[in-house]
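Here is a short briefing on how the side chains of this protein pack together. Have a look at the sequence and the model first, and then we can walk through rings, a loop and the cores.

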Amino acid sequence: MLRALFGLAALAAASVPATAAEAPPPPLTISAQGSFFVGGRDVASESLSTLPAYAAAGTITVDQVYVRYQIPVSPTRTPLVLIHGCCLTGKTWETTPDGRMGWDEYFVRQGFPTYVIDQSWRGRSAGSPAAINAVKSGKANPDTLPAVFSAGREPAWTIFRFGPEFPKVFAGMQFPLEAQAEFWKQMVPDWSASLPVPNPTVPALSELAKRLKSAVLVSHSQSGIYPFQTAALDRSGIRAIVAIEPAACPDPAKDDLAPYKDLPILVLFGDYVDQSSRWAPRLKLCRAFVAAANAAGGRAELILLPEIGIHGNSHMLMQDKNSLEIADWLSGWLDKRAPVKG
């Protein structure tokens with residue numbers, strides 16, 4: 001009986017998440033939280049519905065961007081705008097798949113007013129069904145259907161650099177794969193291939209930066225280029241750019257680098273990049289951009305986490321097991337490069 005009881009106790013202990021054994025953080029105290037939209041335009045359509053109970057004709061709003069914010073009681077640091085990447089939403093920055101504190105909460109606790117967005121046509125930033133309904137009702141040719149895609153977990157495995165191929169895992173990789181079922185639930189259909197360039201998120205980010213007067217635009221992956229496009233559109237309100245594993249940096253052979261003069265820029269990559277045929281060329285382009293931007297009077301830096309002693313990070317480094325260590329390092333970088341203006 002004693003052996004059975006000890007066995008049950010050991011099983012219970014093993015089933016308790018690691019976070020449960022850690023001391024809980026103190027209560028989160030904020031001065032304000034809420035949400036709003038930036039951007040958007042009205043569109044009249046005759047193809048809003050194919051259901052008898054709902055009229056097909058009407059006016060809707062598209063291209064808007066949803067923003068959720070939390071403001072510390074006594075903000076001491078520059079506001080952050082957190083921008084998610086492909087196939088995901090603002091959930092990227094919230095509680096990690098294994099239940100740990102996300103960057104949205106961490107940075108609020110560190111004194112940063114924090115704004116988390118859903119890209120245009122994603123999550124709570126609605127798009128339009130008109131093109132699909134027009135085809136379904138016979139008003140348009142199937143060739144006009146928008147390109148919408150979802151990332152299957154098998155190809156996403158290599159894109160997010162959990163391993164060289166599904167289901168192999170890179171040695172020392174820090175993503176919490178024991179909670180991967182929760183991560184896959186974050187994935188949503190992606191309309192970005194059907195939207196204009198720049199993505200409607202870009203002018204919305206410009207509007208948001210102007211509203212905040214001084215903001216650091218923090219992008220990830222697919223959205224990596226958006227802060228650069230926003231700065232090229234209008235530098236107003238942009239305090240700095242942090243591009244985390246950007247799918248693209250500005251091309252110094254094609255793009256005007258003048259918008260980035262004197263602008264603090266950090267391009268940040270995790271581990272295993274040189275082992276990825278997708279990410280190695282992107283890193284090469286970003287290196288070229290940083291060198292060219294600095295030659296043109298910029299203040300750009302490119303950091304690989306392994307080179308500063310932080311190892312094992314996947315593409316989803318804000319959800320990796322050492323995510324708060326990275327966030328703490330980033331806080332220090334922001335304090336040096338983008339302090340609150342007196």
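Two rings of Phe, Tyr or Trp (its six-membered ring) count as a pair if their centres lie within 6.5 Å; planes under 30 degrees apart are called stacked, over 60 edge-to-face, and the rest tilted. By this rule there are 21 aromatic pairs. The model is predicted, with local features needing pLDDT of at least 70 and side-chain atom pairs pLDDT 80 or more, while totals for chains, interfaces and linings use all residues. Residues are numbered from 1 along each chain as its sequence is written, and side-chain values use heavy atoms, leaving out hydrogens and water.

**Aromatic rings**

- Trp121 and Trp191 have ring centres 5.3 Å apart and planes at 50°, so this pair is tilted.
- Trp121 sits in the loop between strand S4 (114–118) and helix H4 (130–136), and Trp191 in the loop between helix H6 (180–184) and helix H7 (201–212), so the pair ties together parts 70 residues apart in sequence.
- Helices (H or I, at least four residues) and strands (E, at least two) are DSSP runs, numbered from the N terminus.
- Both Trp121 and Trp191 are buried, meaning under 20% relative accessible area, with exposed over 50% and partly exposed in between (1.4 Å probe, protein chains only).
- A cluster linked by ring pairs takes in Trp157, Phe160, Phe162, Phe166, Phe175, Phe183 and Trp184.

**Asn199 in its loop**

- Asn199 belongs to the loop between H6 and H7, and it is buried, at 5% relative accessible area.
- Leaving aside residues up to four places away in sequence, Asn199 touches Gln119, Ser120, Ser192 and Tyr226; contact means heavy atoms within 4.5 Å.

**Nonpolar cores**

- A nonpolar core is a set of buried Ala, Val, Leu, Ile, Met, Phe, Trp, Tyr and Cys residues joined through side-chain atoms within 4.5 Å.
- The largest core has 42 residues, of which Trp103, Phe162 and Val242 touch the most other members.
- Elements that each supply at least two residues of this core include helix H3 (103–109), strand S6 (238–244) and helix H10 (323–337).
- H10 gives the largest share of this core, 5 residues.
- Not counting residues up to four places away in sequence, Val242 touches Val216, Leu217, Val218, Ser219, Leu266, Leu330, Trp333 and Leu334.
- Another core, of 41 residues, lies apart from the largest one, and among its members are Ile225, Ile238, Ile241 and Phe269.
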